[in-house]
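You asked for a quick read-through before you dig in yourself. Here are my notes, one point at a time.

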Amino acid sequence: MRDSFATFLDRPEQQAVTTYVWCSTSHRTTGSGAAPHRRTGNDTKALEILAEMKTAAQQKGRDIEVVIYFAGDLDRVIREHRPEYFRVMTSLAPIRHNDVERYSRERVSDILRRLGGDDIPQLEFPVHETSAFLDRLAKSSRPPYLVQTAGIQGLLGEVDRRTRKTSSDPVIGGEWHANAPRILEIGARLRGRSEVPAGELATLLTELRAEAEAGFEAVTTVLGAHRGHAVDDSAMGFQNRWMKELILGYSKSLLTLIESVDLLSSEANAALTRRLLVTGRWGTGKSYQLAHYTGRALDLGTPVLLLRARDFTRADAAILAQPWRESFDNENAEPKVFAAMLDAIGHQTRKSPNGGAAHRQLVLIIDGLNEAAITDVPAALDRLQQTISPFPNIRLVVSTRRDRGPVADDSMPELMHEAPERVTMARSVTRALNAAPGTSWHAAVTNPLLASIAVRVLTASPGTADQLLTRASLFDAWRDLLIDEAAAGLGQPSATIQRVITQITTITESGGASTVADIAAAAHLSSDVVDRIVQRLADEGFLETSSTSDDLVRFRWEAISDMQRARHAIRTGATNAFIKDAPEDRKLALLALIAELLPTEIPPRELPELRLPSVTGTQQARAFARSLSTRANETVRATTLKLAAATLRGEDTTASQLVIWSVLSMPRRTKLGFAWLNEQLRSTTIGDRSQFWPSGLEQLCEGSQSDQQAMEQLLSWYATDLFPSLTAEDAGSAIEMLAWMGCSTMATELPAFAIRSLVEILLSYPEQFKTVLERLRDVDDDHPRDALFTAASGLITRWPASGAAQIIRDACRHVRDHGSGPLSFRSLSAMRDVVSPDVPLHRFLRESLPDLGPTPWRRVRLLIRDEDRAVFADGRDQRQAERFETCILRTFGIGARHRGVVLDDKPHSGDYSHGRSLVFGRWLAKQYAEHPAGRRISVGWVPVKAGTPKNPEVNFLDDPGNAWDWYVDQPNLWR
C-alpha cells in the first residue's frame, strides 16, 4: 500500500484528488494475547500506515484524506447504499454471461432469418455506415475513450485550401469566409491527432459546428449583397463566374463538414454518455444492422443483451420487467437488481481473442422501440435510463422509427440510419437473380426488406417482374406465393390458409399478437391445423411467434400488419373509423396506405372519392398524390388521370410536387409516365404551367435533404440504368422529358444533366430529334427547345461524321427552311453551329427571326435590367425600350393580364424568374441580330450605354463564343 500510495502522489493527473480510499479484503481485528507477546490487530496496523501516508502527502504539499474499508465495512456500505449489488453478490442464481449470450444469439437468429430459407439467393450490399459507426463506437466507448478523427481532418483541410485560394480576392476576399480562421483554428487543435479523447472532442465539435453554420449563413448573406454587382463587362463575367465556383465549392465543403461533425459528435457523445439512439424509417435495415453487430460483438467476447421491443407486451411494465425476463433466472428480481446483474457481467474481465485482458461493457440493445405495446414509451425509456445510469458497465443502444413520433427527450446522441441507395438495391436484386439489367422492380425496391421480398418472389415466379411495381404488389405477390406453397406442402386448401391470415388480421391490434386458440376458434379450424399453418408461415418470415410464448402469433413485419388491417377496413366499410382511431403520428402514413390500396380493390376507387370526414381535403389530396408513385398501369383509370391532372395544377404545391415525383420515379408507365407528364406540360398555357413547372421540379432538387438525396439517386439511376436500356418506343418520351427539364434553373444542375443525357440518347435515337421538335413546335416556352438544340450541337461537336450527326443536321435544316425555327438566342446560336457554322451569328439571327411588327406603347416596368440593356448600341430611350419589351412579350401571347403571374414581375426582384428568362432569351436574340454590342461599363454604379463617347467600342457578334450570354438562370444564383 505504501508503494501504491507513493505512485498515486507522483502522478500529475491525480493532483486534484483529495480523498484516497483503501479497500482491504481483510477483516477488522483488534489484536490478541498479553504483553509483551500481544499480537497487533489489523485496525492498529492500519492506523500506523494511515499516519505514514498522511505524512507522505504533507511532504508533497498535499492535503489528502485517507479512508480504509475492511471486508466487513464493505459489506455494510453495499447494504446501505447499493442494496441491488448486495443482492447480486448473495443471489443463489444470478444471471450469467452465458445466459445473456444464449438469449441474444436466439434473437439474432430471429432477426436474420432469411425469407424462404437458404435456397433463396442472398442480397449483398456495401458495408453500411451504421455498421462502421457501431464498430467504431465499440472501441471509443472503452477507456481511454479515444475517437478516430481522420475523416474530419480531411474536410478541414479542404476548407483550408478553399480559404487560402480566395483570401486575396479584392471583391469577396474578406466577407464570405470570415468564420474560416476560427474553423481552421479548431482544426489545428486536431491536426496530427488520429485519435482524440471523447470529452475534448465533443467540446471542439460543438464549437466547430457553430462556426461552420455561421459561415454558411455568411455565404448566403454575401450572395444577396453581390446581386446585380455592375462593373466592366469582361471583369464582371470573370468575377461572377469565379464567385459562383468559389461560393458553391466553399458552401458545399461547409455542408459536408457539418454532416461529418454531426456524425462524429454522435460518436463522441455516445461514448461519454453510454447511450445511443438509432433512428430510421421502416424496412431500412436497422434490425439487420443491430443483429449483425450483436453477432460480431459476441464473437469478440463483448457481452450483449439484445431485446426486441415487440416482446414488450405488458402496457404498464418497465422495460426490464417485461415478459422476456421469463427466459432468465431471477425473473422476479426488480429492474434495478436485474440491471446490477447485467453490470456485474459487464464488469467481469475475460480474455480477448488475441489473448490479452479485455474489460468490456455490456451492451443493452433494444430493437424497434416503436413496436412496444407499452402505453407511454418515452416515459418507459426515461425510466430505463434512470435505472441503468448508476451502473458504469452498461451501454444502451435503442433503435426506433423517428417517423413514429418522439421516443424521449433529445438528450440521447442520435445516429440517423438510412437504407442503401435505391440504385444499389436494384442492382443487388439484379445480381442475386442473375438477371439482365432492368427497371421493373426499381420503384418498389425502396428498402432492404422489400428487396428481399422481391428476390423471394422473383426466384419462385420469374415472369412476374412487370407486376412488382409497388410495395402493396410485392406484399400481395409474396403472400399469394406463400399461400400456394403452404397449401401444397400442408395438404390444405388455399382458402384455409387465407382464412387463417384474415383472422390474424381481424383479431389483432397494430403491433399486437393473438393466440393459436383464438385464431382457430375464429376461423372454425382445429388448433392443430392452425398451428401447422402458423409454423409454416413463420418459417417463411411472414408470421412470427413470440419469444416468450410459442402460442402467441403476429405478423413479423409491421408494414404487413398495417396493409392487412387497412385492406380489411376498406372491405368492411370501416375506412374512416380506421383512420380516425389511428394514433395521431400514424394517421397520415395509414391514409397514404389506404390511397395505395383502394385502386386494387373491387370496385376500384380513389381516395378523394371517399371524402373522409376524419381528414382534410388537403391531406387526402397529398395522400392520393403520394400513392401515384406506387401505381401499376392496371390501377390507373380515367378517374385517376383526371384527379392527377387536377392535383398537378391545383393550389397545393406539395401535392403538385408529389405528382411530379410520381411520374419521375415511374417513367416507363404507359399511364402516368413520362408521356403523360409531357402531354400535361404541352397542353397547359404558360400562365397555368408556371404555377407548377419548373417550380415543383426545382423544389425536389433544392428542398429538404431527403428530397435532394432522393432526386440525386433518381438521376443516378436514370444515367446508369434507365437511359442505356431505352427502346425506340420510349426514347421519344424520355427525350421530351429531358427537354422540359431544361426549364429549371442552372443552380439545380438539371439543365446540364438533361443536355448531357440528351446527347447520349440522341446518338442512339437521332430520328427522335425531329419528332420531339414537332411536338414542341407550338409550346409557348423556349427552354425545352433550347435544351434540344444545345444537345444537337454537342452531339455534332463530339461525333461530326456519325450517322446520327447527319440526321440531326437534316432535321435542323428542315426547321430552318420551313420557317418554324426557334426564337431564343440559345436555340438559334446552337442551330447555327449545326447548319451554318461559317455564317456570322448576327447575320444568321437576322435571317432567322421574324419582324416583330408595330406595337402600341404602354408604360410598364422594364423586365430587362439597365446594365443588360446598356450593353447594346440600340439608341433606344426609356419609352422605346418599353415598347420593344412589349413586342417580345406578345410573341409569347403574354398580355398585361398575365404579366405578373407569369413573370414574377415584382419591383424588388432583380432576378430572372422562369417566365422573365423567356423574355430575356428572345430579347437577346433580337438585340444581337440588329445591334452591335459594346463593353459592360459603369460609372458610379450607373451603366454606360454602348455606342456613347464613354463606351464607344462596339461590334456585331460573329461567333457565339464571344457572346455576353449570362442567359436566363445565372442571376438566380444570388437569391
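This is a predicted model: local features need pLDDT of at least 70, side-chain atom pairs count only at pLDDT 80 or more; totals for chains, interfaces and linings use all residues.

The points below go from the whole chain to a sheet, then to some helices.

1. The protein chain has 975 residues, and 52% of them count as buried. You'll find 41 helices and 18 strands in the chain. Of the contacts with a separation of 6 or more, 73% are between residues 24 or more positions apart.

2. β8 and β11 are joined in the parallel sense by five bridges, with valine 304 having valine 363 in β11 as its bridge partner.

3. Have a closer look at β12. How many residues of strand β12 (residues 394-400) are buried? The count is seven of seven, so to speak a strand that is mostly covered. In general, side chains in a regular strand alternate between the two faces of the sheet. In β12, Ile394, Leu396, Val398 and Thr400 point one way while Arg395, Val397 and Ser399 point the other way, and all are buried.

4. Which strands does β12 pair with? One is strand β7 (residues 275-279), parallel to β12 over five bridges; here leucine 276 has valine 397 of β12 as its bridge partner. Another is strand β11 (residues 362-367), which runs parallel to β12 and is joined to it by five bridges. In that pairing, isoleucine 366 stands opposite valine 398.

5. On to a helix pair. The axes of helix α14 (residues 422-433) and helix α15 (residues 448-460) come within 10 Å and cross at roughly 25°, which means that α14 is roughly parallel to α15. The crossing is right-handed. On the α14 side, the contact involves Met425, Val429, Ala432 and Leu433, which meet Pro448, Ala451, Val455, Leu458 and Thr459 in α15. By class, that makes eight nonpolar residues, one polar and no charged.

6. Compare that with a second pair. Helix α31 (residues 728-741) and helix α32 (residues 750-764) have axes that come within 8 Å and cross at roughly 155°, so α31 is roughly antiparallel to α32. This crossing is left-handed. The α31 residues in the contact are Ile735, Leu738, Ala739 and Met741, and α32 brings Leu750, Pro751, Phe753, Ala754, Ser757, Leu758, Ile761 and Leu762. The contact has 11 nonpolar residues, one polar and no charged.

7. Is asparagine 678 buried or exposed? Its relative accessible area is 0%, so asparagine 678 is buried. Leaving aside residues up to four places away in sequence, asparagine 678 touches Ser733, Glu736, Met737 and Trp740.

How values were computed: Residues are numbered from 1 along each chain as its sequence is written. Side-chain values use heavy atoms; hydrogens and water are left out. Axes are lines fitted to C-alpha atoms, for helices over the stretch in contact, and angles run from 0 to 180 degrees between N-to-C directions. Helices (H or I, at least four residues) and strands (E, at least two) are DSSP runs, numbered from the N terminus. Angles under 35 degrees count as roughly parallel, over 145 as roughly antiparallel, 65 to 115 as roughly perpendicular and the rest as oblique. A crossing is left-handed if the near helix is turned anticlockwise from the far one by less than a right angle, and right-handed if clockwise. Contact means heavy atoms within 4.5 Å. Ala, Val, Leu, Ile, Met, Phe, Trp, Tyr, Cys and Pro count as nonpolar, Asp, Glu, Lys and Arg as charged, and the others, Gly among them, as polar. Buried means under 20% relative accessible area, exposed over 50%, partly exposed in between (1.4 Å probe, protein chains only). Two strands pair if DSSP finds at least two bridges between them.
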